[in-house]
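This report describes how two protein chains meet. The sequence and the structure are shown below.

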Amino acid sequence: MGLEFIDRSLRSTGIVLLVFLPFGVYYIGLYPTLAIFSGCIWSLFNLIFISAMVRATIRPEGANKMKTIGLALFKFPVLYLSGYFLLKIQIFEPHFLVIGFTGLFGIIVLRAVGRLISNVDDHTTKSIQEVK
Amino acid sequence: MDYQSMLAWSLPIGVGMAAIGSALGLGRAVGSAMEAIGRQPEAAGKIQTAMIIGAALIEALTIYALVVFFMLQGKIG
């Protein structure tokens with residue numbers, strides 16, 4: 001389970017979100033669906049920024065300070081202000097925003113459980129050992 | 001002390017406690033990950049992945065507290 005796990009989880013969440021959109025609009029309405037969509041997109045960007053910051057900071061050749069500072073300066077004010085804005089405007093129900101926000105974590109947990117059940121990591125380790 | 005006053009006192013304290021708890025948890029998680037990477041640099045990718053997901057989950061808990069704050073804020077005054 002390397003760093004590509006996060007990229008794939010982000011991609012899976014995006015696909016699930018796109019598939020969910022028409023069904024959500026049809027079954028629960030436009031604004032709740034938009035709230036779930038916004039919460040999930042916010043969560044996706046949050047994970048992208050956390051991941052980019054960690055990758056820029058922890059690497060063998062030393063931290064890329066400028067990139068880390070740039071990401072931190074963008075993530076903390078812009079992303080959090082947009083979250084505050086989403087919560088503060090009265091259009092979206094906070095419950096639906098939370099559901100969207102949690103969607104990404106649900107997909108990560110499901111992917112991790114799937115890997116655990118199918119023993120993907122064990123097979124990968126064994127095949128690497130066989131090659132060596 | 002009435003219900004609204006208690007809410008007005010407890011909401012900021014609750015959010016503050018959530019932030020302190022998350023900060024302690026995040027610090028501990030990242031510190032442990034750094035130690036683990038220092039001991040086993042070849043497993044850095046796996047450790048980083050677990051750390052990033054853990055950091056996002058810990059951050060999510062604080063955001064949940066903030067959402068609850070916003071939901072209950074309307075009931076004050």
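## Extent of the interface

The model is predicted. Where chain A meets chain B, the contact draws on 24 residues of chain A and 20 residues of chain B. Together the two chains bury about 2,000 Å², and carbon and sulfur atoms account for 78% of that area.

Polar links across the interface can be counted as well. Six residue pairs, both members at pLDDT 80 or more, are in polar contact between chain A and chain B. On the side of chain A that touches chain B, at least two residues come from each of helix H1 (4–27), helix H2 (30–57), helix H3 (65–88) and helix H4 (94–118) of chain A. H4(A) provides the largest share of this side, with seven residues. By residue class, the side of chain A that touches chain B consists of 17 nonpolar, five polar and two charged residues.

## A helix pair across the interface

Two packed helices are described by the angle between their axes and by the distance between those axes. For H3(A) and helix H2 (residues 44–73) of chain B, the axes come within 11 Å and cross at roughly 35°. The crossing of H3(A) and H2(B) is right-handed.

From H3(A), the residues that make this contact are A:Lys75, A:Tyr80, A:Tyr84, A:Leu87 and A:Lys88; from H2(B), they are B:Glu59, B:Val67, B:Phe70 and B:Gln73.

## Salt bridges

Over all chains, the count comes to three salt bridges. One salt bridge is counted between chain A and chain B. In this bridge the side chain of A:Lys75 meets that of B:Glu59, with an N to O distance of 3.2 Å. Both residues also belong to the contact of H3(A) with H2(B) described above.

Another salt bridge lies within chain A, where the side chains of A:Asp7 and A:Arg55 meet at 3.3 Å, N to O. This pair links distant parts of the chain: A:Asp7 is in helix H1 of chain A and A:Arg55 is in helix H2 of chain A, 48 residues apart. Helices H1 and H2 of chain A also each supply at least two residues of the side that touches chain B.

Notes. Residues are numbered from 1 along each chain as its sequence is written. Chains are lettered from A and ligands numbered from 1 in the order in which they are written. This is a predicted model: local features need pLDDT of at least 70, side-chain atom pairs count only at pLDDT 80 or more; totals for chains, interfaces and linings use all residues. Side-chain values use heavy atoms; hydrogens and water are left out. Contact means heavy atoms within 4.5 Å. Buried area is the accessible area (1.4 Å probe) that two parts lose on being put together, summed over both. A salt bridge is a side-chain nitrogen of Lys or Arg within 4 Å of a carboxyl oxygen of Asp or Glu. A polar contact is a pair of N or O atoms within 3.5 Å; within protein, one must be able to donate a hydrogen and the other to accept it, and residues adjacent in sequence count only if both atoms are side-chain atoms. Helices (H or I, at least four residues) and strands (E, at least two) are DSSP runs, numbered from the N terminus. Ala, Val, Leu, Ile, Met, Phe, Trp, Tyr, Cys and Pro count as nonpolar, Asp, Glu, Lys and Arg as charged, and the others, Gly among them, as polar. Axes are lines fitted to C-alpha atoms, for helices over the stretch in contact, and angles run from 0 to 180 degrees between N-to-C directions. A crossing is left-handed if the near helix is turned anticlockwise from the far one by less than a right angle, and right-handed if clockwise.
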